[in-house]
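Biologist: I've got the coordinates open on my screen. Can we walk through them together?

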4 protein chains.
Amino acid sequence: MANDIPSPAVPVNYMMKNDAFSQWMGLEVDKVERGYCLVSLRVRGDMLNGFYILHGGIAFALADSAMAFAANTYGQLAVVTDAHIQFPASAKEGDVLIAEARESARTRKTGYYEVTIKKRGGEEVLAKYQGSVYISSRRNPPE
Amino acid sequence: MANDIPSPAVPVNYMMKNDAFSQWMGLEVDKVERGYCLVSLRVRGDMLNGFYILHGGIAFALADSAMAFAANTYGQLAVVTDAHIQFPASAKEGDVLIAEARESARTRKTGYYEVTIKKRGGEEVLAKYQGSVYISSRRNPPE
Amino acid sequence: MANDIPSPAVPVNYMMKNDAFSQWMGLEVDKVERGYCLVSLRVRGDMLNGFYILHGGIAFALADSAMAFAANTYGQLAVVTDAHIQFPASAKEGDVLIAEARESARTRKTGYYEVTIKKRGGEEVLAKYQGSVYISSRRNPPE
Amino acid sequence: MANDIPSPAVPVNYMMKNDAFSQWMGLEVDKVERGYCLVSLRVRGDMLNGFYILHGGIAFALADSAMAFAANTYGQLAVVTDAHIQFPASAKEGDVLIAEARESARTRKTGYYEVTIKKRGGEEVLAKYQGSVYISSRRNPPE
């Protein structure tokens with residue numbers, strides 16, 4: 001074939017289709033570009049912690065999925081090695097959250113991403129995430 | 001009262017009792033000491049990602065809960081501000097994971113913790129987590 | 001006085017004046033606004049590591065100073081508790097580096113910042129830094 | 001040759017010999033094993049920040065060097081991709097600091113390390129560092 005890099009949405013759709021936990025979260029993929037992904041979810045009661053606010057693990061999972069999708073848009077399997085997250089604010093039941101992943105840099109074998117979580121339509125930053133991936137030599141989706 | 005610091009298990013039980021997401025995960029609190037907590041869970045099919053391995057968000061949530069419990073054992077409300085996680089290896093359906101949170105240091109207003117995730121009975125490190133908390137002036141449980 | 005918040009440059013100048021290591025690095029403060037700081041330095045031979053590229057500690061110090069300055073622009077003493085840095089690329093002797101610190105969020109007692117390091121005039125990201133501060137009740141400069 | 005993995009000290013000595021910044025810091029390598037390194041330095045006046053305490057960049061550089069040495073003990077070039085550091089306490093002029101780097105895990109292409117900084121002879125944790133490396137296919141020292 002003339003071009004062996006698939007459309008950015010192809011690996012993301014492949015990953016989402018079988019991603020049981022993202023499906024449990026009700027995660028929706030709103031936009032995909034090369035090195036970029038925007039996802040969203042609505043906070044449910046079963047996502048809260050003992051203080052009745054969003055469990056940090058769900059906020060992390062949302063950011064982590066956004067980054068994993070963005071990093072895999074090149075059609076080459078990328079796996080998360082490191083992630084850092086800051087939690088300036090939290091969310092409560094019924095909030096709709098968006099997570100936007102952008103590529104900071106990408107080398108042959110490593111990729112670096114930033115994700116910002118806000119409420120849809122809001123400006124306040126709920127979480128800031130920085131993550132890194134190792135880019136393997138395998139294709140995604142597998143051939 | 002002579003002593004106003006509750007037993008370390010009191011704030012942890014209070015947090016766990018209402019923690020809907022930790023209950024969904026089937027998280028169990030196996031051991032609590034001042035500044036220390038050991039928790040575990042069994043990986044289920046609905047915790048996997050699109051590669052059929054444990055979603056990073058669940059591993060993070062397990063470590064994050066372990067740290068939040070350890071940091072709250074002093075009876076003062078501690079909230080997570082920052083967390084970093086490394087993922088050397090993953091887990092699959094049926095694995096039983098343990099997360100052990102230890103205190104690195106604690107000042108009047110900040111606390112620093114490390115969490116290691118392994119399979120029960122195994123030596124391989126699946127994830128290493130470093131987290132920080134801000135210690136508020138509120139009591140936990142609230143008075 | 002009607003307004004007890006000093007100009008953003010006042011605490012930064014106070015910090016820089018006595019900052020022996022930033023002076024050793026030849027760090028220059030190029031721009032200061034509330035919650036924002038832009039600094040620069042020229043890479044010298046004594047800042048390199050054993051591979052003849054910039055030592056990660058200097059890149060970190062540059063980002064860390066930029067954030068500490070940005071976080072102290074409110075005239076209240078802010079101390080760094082956590083920092084995460086990614087190193088997609090390095091620098092060599094003679095390069096002029098700029099580090100730009102922006103505020104992601106700020107609560108009463110905590111602040112969250114992001115710093116990007118590039119070569120002056122370049123677009124490539126050499127390092128991405130995310131840092132958090134604890135905001136004490138002391139003034140900066142001290143009264 | 002029967003065995004092509006050099007002694008763990010060989011790559012460390014090679015890196016230290018030409019490391020101008022570690023030499024400026026007066027860094028000493030006290031112990032090297034496969035996946036492990038212990039280093040130390042004495043805090044000088046030109047390492048302090050504007051609050052007359054150790055600049056965070058020096059603490060980071062100390063931890064970063066310890067990890068880079070530990071990660072390179074296998075004779076294969078390892079480069080730092082990510083690092084997270086927590087600063088529970090600081091140091092002042094004249095303090096002798098030790099940084100101990102231990103391997104958490106190592107795969108074919110990635111390595112994960114933890115570094116603890118204390119004062120020599122003390123128990124208080126001054127800094128906790130978690131770092132990750134990408135393991136290249138090049139030898140260290142180069143052939």
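**Strands and chain contacts**

Modeller: Let's begin with a pair of strands: S4(D), residues 96-106, and S5(D) run antiparallel and pair over 9 bridges. Strands here are DSSP runs of at least two residues (helices, H or I, need at least four), numbered from the N terminus, and two strands pair if DSSP finds at least two bridges between them. The model is predicted, so local features need pLDDT of at least 70 and side-chain atom pairs count only at pLDDT 80 or more, while totals for chains, interfaces and linings use all residues. Residues are numbered from 1 along each chain as its sequence is written, with chains lettered from A and ligands numbered from 1 in the order written.

Biologist: Which residue in S5(D) does D:Arg102 stand opposite?

Modeller: A hairpin of 3 residues joins S4(D) to S5(D). Across that pair, the residue facing D:Arg102 is D:Glu114.

Biologist: And what residue of the turn between S5(D) and S6(D) has a positive phi?

Modeller: S5(D) also runs antiparallel to S6(D), residues 125-139, with 9 bridges joining them, and D:Ile117 stands opposite D:Ala127 there. These two strands form a hairpin with 5 residues between them, and the one with a phi of about 85 degrees is D:Gly121.

Biologist: How many of the 10 residues of S5(D) are buried?

Modeller: Buried means 20 or more other C-beta atoms within 10 Å of a residue's own (exposed is 12 or fewer, partly exposed in between; C-beta atoms are placed from the backbone). S5(D), residues 110-119, is largely enclosed by the rest of the structure, because the buried count is 7.

Biologist: Over to the contacts: which element gives the most to the side of chain C that touches chain B?

Modeller: Contact means C-beta atoms, placed from the backbone, within 7 Å, and 7 residues of chain C are in contact with 7 of chain B. Strands S3 (76-86) and S6 (125-139) of chain C each give two or more residues. The top contributor, with 3 residues, is S3(C).

Technical notes:
Contact = placed C-beta atoms within 7 Å.
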